[in-house]
Amino acid sequence: MKVSEVLKNVKHHVIYEVLVSSISTDGEPDIAPMGLRFSEEFEEFTLHPFKTYRNLVEVGEGVANITRDPRPFILGCIPGLKHELLKELEGSKLVKAPRLKDSEAYIEFRVKEVGEKSIDRAEIICEPVSVYLGDLRIEPYSRAVYALIEASVNASRVKVFLNRSKELLKILNGIRYAESIVRRTGGGSEYERLLNLLIKSVEEILHGISSSQSNP
């Protein structure tokens with residue numbers, strides 16, 4: 001089925017946050033948050049990763065896992081916890097790359113073209129080969145959910161901009177703002193627990209760089 005037939009409410013010119021699962025030439029699976037933008041006719045889409053796309057280049061296919069659950073976004077950008085998310089991958093329909101279990105929808109795709117958009121970011125044009133629904137997630141709108149996903153997107157960029165103070169400050173300010181929303185609208189919930197894990201991971205990265213600078 002076509003993207004427009006399965007995902008009837010998506011818009012072009014909008015960047016959606018998805019989890020892209022892939023597999024290496026050695027058979028090792030991986031999964032990472034990425035931005036996805038559909039073309040005008042939804043016949044292809046572009047991924048905008050921050051240099052985390054080696055598997056997509058070498059194997060040439062993957063799965064865009066669509067979910068509003070913030071948990072996989074958090075686990076996907078914390079190296080020490082990513083192994084938990086990898087356990088939740090399962091076989092896909094038509095591509096070698098695995099898919100994330102319990103996602104709301106899946107786009108299995110092949111890579112058509114890879115280009116450099118900037119020194120830090122790539123642009124990968126992909127063609128869907130299979131689009132289908134998974135498990136519907138029904139939950140009232142909560143600012144905590146979307147703030148948590150926003151915090152995870154910012155956290156995934158911390159290492160990329162460690163040596164660029166201006167950009168890093170913007171990222172950390174974004175995390176702080178998202179933190180204030182999560183604590184105000186989801187304090188005491190599972191969302192706050194995930195937020196604490198994310199903040200701890202960011203602090204460890206920042207502490208590591210500051211320690212290396214003070215101990216030449």
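Author: A polar contact is a pair of N or O atoms within 3.5 Å, where, within protein, one must be able to donate a hydrogen and the other to accept it, and where residues adjacent in sequence count only if both atoms are side-chain atoms. This is a predicted model, in which local features need pLDDT of at least 70 and side-chain atom pairs count only at pLDDT 80 or more, while totals for chains, interfaces and linings use all residues. Residues are numbered from 1 along each chain as its sequence is written, and side-chain values use heavy atoms, with hydrogens and water left out.

Reader: Which backbone atoms does the side chain of Asn 65 reach?

Author: The side chain of Asn 65 reaches the backbone nitrogen of Leu 100 at 2.7 Å, and the backbone oxygen of Val 63 at 3.3 Å.

Reader: Is Asn 65 buried or exposed?

Author: Buried means under 20% relative accessible area, exposed over 50%, and partly exposed in between, using a 1.4 Å probe and protein chains only. Asn 65 counts as buried because its relative accessibility is 0%.

Reader: Which residues does Asn 65 touch?

Author: Contact means heavy atoms within 4.5 Å. Leaving aside residues up to four places away in sequence, Asn 65 touches Val 18, Leu 19, Val 20, Ser 21, Ile 31, Arg 99, Leu 100, Ser 103, Ala 105 and Tyr 106.

Reader: Which residues have the most contacts inside the largest nonpolar core?

Author: A nonpolar core is a set of buried Ala, Val, Leu, Ile, Met, Phe, Trp, Tyr and Cys residues joined through side-chain atoms within 4.5 Å. The largest one here has 34 residues, and those with the most contacts inside it are Leu 148, Val 158, Ile 175 and Leu 198. Apart from it lies another core, of 22 residues, among them Val 18 and Met 34.
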